[in-house]
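Subject: A structure for you to look at

Hi,

Here is the structure I promised to pass on to you. Please open it beside this email, and then read on for what turned up.

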Amino acid sequence: MPNVILIRNEYPDTRSLYHVIDYVLGKAVIRGGYGVDCDITSAKEQMHFVKQAFHKTERLQLKHFIISFAGGEAALVDFDEFMELGFLTGQLFREYQMVYGVHLDGSHIHMHFVMNTTSFLDGHQYCAGLSMFNRLCDLLRDRYPRCSV
């Protein structure tokens, strides 16, 4: 049963956005992105550009969350499924740029996600609270027997 873990740090500035993306992509064995031309080699710059375009370079810069798989479950998930899960998660938060990386460190496989909190469509800040994460959990429940947030 995969778990969705929200990292509730402040992430108040561009430096924190760059730092978290570097961490997520730097340790990843599988990497991906979702959003307007959000290829992972320039994701930091693209996310920062959206924030600058809409004057949203202060306060909460990103949402960081993890989908964590227990040992036995991870063996059932292959490369294509991780890529599909990244894409489906991106579609769920569709107006926000996102990058993800699959990490093997620790006792289990987990996927880190970094989501730009500024919409690339109209510049509004992410304000859905836990509702979108509950929808993510629903999506995971459809694929796996149980999920918790």
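Let me start with a term you will need: a nonpolar core is a set of buried Ala, Val, Leu, Ile, Met, Phe, Trp, Tyr and Cys residues joined through side-chain atoms within 4.5 Å. Buried means under 20% relative accessible area, exposed means over 50%, and partly exposed covers what lies in between, with a 1.4 Å probe and protein chains only.

Before the findings, a word on the source. This is a predicted model, where local features need pLDDT of at least 70 and side-chain atom pairs count only at pLDDT 80 or more, while totals for chains, interfaces and linings use all residues. Residues are numbered from 1 along each chain as its sequence is written, and side-chain values use heavy atoms, with hydrogens and water left out.

How confident is the predictor? pLDDT is its confidence in each residue, from 0 to 100. The protein averages a pLDDT of 89, and 89% of the residues score at least 70.

Now the overall layout. The protein has 5 helices and 5 strands; these are DSSP runs numbered from the N terminus, with helices (H or I) of at least four residues and strands (E) of at least two. Along the sequence they come in the pattern β-α-β-α-β-α-α-β-β-α. Of the 149 residues, 46% are buried. A contact means heavy atoms within 4.5 Å, and among contacts between residues at least 6 apart in sequence, 75% join residues at least 24 apart.

Next, the inside. In soluble globular proteins, nonpolar side chains tend to be buried together. Here the largest nonpolar core has 26 residues, and I67, F82, L85 and F93 have the most contacts inside it. At least two residues each come from β2 (30-34), β3 (62-68), α4 (79-92), β4 (98-103), β5 (110-116) and α5 (131-143). Helix α5 gives the most, with 5 residues. Another core, of 11 residues, lies apart from this one, and L17, I21, L25 and L62 are among its members.

Two rings of Phe, Tyr or Trp (its six-membered ring) pair if their centres lie within 6.5 Å; planes under 30 degrees apart count as stacked, over 60 as edge-to-face and the rest as tilted. The structure holds 10 aromatic pairs. The ring centres of F69 and F82 are 5.7 Å apart and their planes stand at 90°, so this pair is edge-to-face. F69 sits in the loop between β3 and α3 (71-74) and F82 in helix α4, 13 residues apart. F69 counts as buried at 0% relative accessibility, and F82 is buried with a relative accessible area of 4%.

A tilted pair is formed by F93 and F133, with 5.3 Å from centre to centre and 50° between the planes. F93 is in the loop between α4 and β4 and F133 in helix α5, so the pair ties together parts that are 40 residues apart in sequence. F93 is buried at 2%, and F133 counts as buried at 2% relative accessibility. Ring pairs also link F65, F93, Y96, Y100, F113, Y126 and F133 into a cluster.

What about the cysteines? With a disulfide being a pair of cysteine sulfur atoms within 2.5 Å, a search of the whole structure finds 0 disulfides. C127 is exposed, at 68% relative accessibility, whereas C137 is buried, with a relative accessible area of 1%.

Finally, some loop residues. T117, in the loop between β5 and α5, counts as buried at 2% relative accessibility. A70, in the loop between β3 and α3, is partly exposed at 42%. The loop between α2 (43-53) and β3 holds H55, and R59 is found in that loop between α2 and β3 as well. Neither is a glycine, but phi is positive in each: near 55° for H55 and near 70° for R59. H55 counts as exposed at 71% relative accessibility, and R59 is exposed at 71% too.

Enjoy exploring, and write back with any questions!

Best wishes

Methods: pLDDT is the predictor's confidence in each residue, from 0 to 100.
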